[in-house]
Amino acid sequence: MNSTVSQFNYGMITPVVAFLMACAGAALGLRCTTRSVRMGAQGRRGPWLTLGAICIGSGIWTMHFIAMIGFTIDGASIEYDPALTFLSLGVAIAVVLLGVFVVGYRGASPLTLGVAGAVTGAGVAAMHYIGMHGMRFAGHMTFDPMTVGLSVLIAVTAATAALWAAVSLHTLASAAAASVIMGVAVTGMHYTGMAAMSVHVDADSRVQGQSSMDLLFSLIPMVGGPIVVLVLAAVIVMFDPDMLVGNEPVQDSQGPEAESDPVASARHTASWPSL
């Protein structure tokens with residue numbers, strides 16, 4: 001039988017905090033990837049791109065599970081399968097890592113950006129639905145295909161915008177604005193995906209309900225690790241003044257290094273216009 005669900009068991013606290021975490025992960029990730037791209041061919045771009053992907057992926061995943069703290073099912077007790085839960089985290093980081101490495105080394109040409117955004121967005125949507133299938137209760141879930149498709153479209157759009165911003169926006173103000181837009185898109189993708197779900201609770205297994213504090217304490221340890229990662233990334237950004245002010249010099253693309261690195265040269269000729 002269908003059961004009533006609530007997305008906002010704690011009111012607007014969980015969606016607001018989830019949105020802020022998505023913005024924080026995006027902002028840190030954008031500063032890291034911007035730093036990498038602006039280092040040019042001579043710099044070690046890989047570590048910065050990796051850190052940026054971890055920040056963005058962790059922010060998206062943390063947003064998802066903070067939002068899930070406010071999710072309850074009437075008449076059912078919810079638990080989360082640790083293997084699927086952390087698999088969804090791995091998927092989030094892996095697909096963002098793939099996307100930022102592609103645009104970080106190949107530039108933001110329309111074709112490259114479109115392919116990288118589609119793959120990354122599909123992976124972000126997969127993270128969401130893997131996390132949902134990690135939810136355990138006495139019943140089952142069904143999903144409306146049209147609404148699922150809309151959530152995937154939002155994810156692809158958000159991922160494409162994020163990847164474009166990572167290699168095209170180089171100031172602190174523009175990165176902050178882009179992170180807010182990304183936070184809105186990621187949060188919208190989550191709640192659209194949740195709207196696609198219908199919950200059916202087994203009639204002979206209904207319980208009085210689950211303590212809100214029990215659910216809260218079960219999820220906090222899961223989101224604690226990614227939050228620590230974001231805090232450490234913020235410390236790294238704070239100790240790199242160039243990343244904060246956004247005025248680190250771009251390597252001269254006309255020098256000998258650019259001639260030896262055709263990808264770096266192509267980035268300048270194929271980049272999209274800045275906002």
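First, some ground rules. Residues are numbered from 1 along each chain as its sequence is written, and side-chain values use heavy atoms, with hydrogens and water left out. As the model is predicted, local features need pLDDT of at least 70 and side-chain atom pairs count only at pLDDT 80 or more, while totals for chains, interfaces and linings use all residues.

On confidence, the protein chain averages a pLDDT (the predictor's confidence in each residue, from 0 to 100) of 79, and 78% of the residues score at least 70. Helices (H or I, at least four residues) and strands (E, at least two) are DSSP runs here, numbered from the N terminus. Helix α4 comes out highest, at a mean of 91, and helix α9 (residues 256-260) lowest, at 39. Over residues 245-275 the pLDDT stays under 50; for that stretch the model has 51 contacts (heavy atoms within 4.5 Å) beyond four places in sequence.

The unreviewed UniProt entry lists "transmembrane region" for residues 48-71, 83-105, 111-131, 143-166, 172-194 and 215-239; its positions are given in the numbering used here, feature names are shortened, and annotations may be inferred rather than shown by experiment. In the model, residues 48-71 are 92% helix and 0% strand, with end C-alpha atoms 35 Å apart. Residues 172-194 are 100% helix and 0% strand, and their end C-alpha atoms lie 33 Å apart.

Next comes the core. A nonpolar core is a set of buried Ala, Val, Leu, Ile, Met, Phe, Trp, Tyr and Cys residues joined through side-chain atoms within 4.5 Å. Buried means under 20% relative accessible area, exposed over 50%, and partly exposed in between (1.4 Å probe, protein chains only). The largest such core has 65 residues, and Met-68, Phe-71, Ile-73, Met-135 and Met-197 have the most contacts inside it. Elements giving two or more residues to this core include α1 (13-39), α3 (82-106) and β6 (197-201). The largest share, 13 residues, comes from α2. Helix α2 has 25 residues and reaches 36 Å from its first C-alpha to its last, close to the 36 Å expected (1.5 Å times one less than its number of residues). Of those 25 residues, 22 are buried, so α2 is largely enclosed by the rest of the structure.

Cys-23 sits in helix α1 and is buried at 10% relative accessibility. Leaving out residues up to four places away in sequence, Cys-23 touches Ser-179, Val-180 and Gly-183. The C-alpha atoms of Cys-23 and Ala-176 are 8.4 Å apart, although 153 residues separate them along the chain. Ser-88, in helix α3, is buried at 0%; among its contacts beyond four places are Trp-61, Phe-65 and Met-127.

Finally, the rings. Rings of Phe, Tyr and Trp (its six-membered ring) pair if their centres lie within 6.5 Å; planes under 30 degrees apart count as stacked, over 60 as edge-to-face and the rest as tilted. The count comes to six aromatic pairs. Trp-61 and Phe-86 are stacked, at 6.1 Å centre to centre and 25° between the planes. Trp-61 lies in α2 and Phe-86 in α3, so the pair ties together parts 25 residues apart in sequence. Trp-61 is buried at 0% relative accessibility, whereas Phe-86 is partly exposed at 40%. Phe-65 and Tyr-80 have ring centres 5.8 Å apart and planes at 75°, so this pair is edge-to-face. Trp-61, Phe-65, Tyr-80 and Phe-86 form one aromatic cluster.
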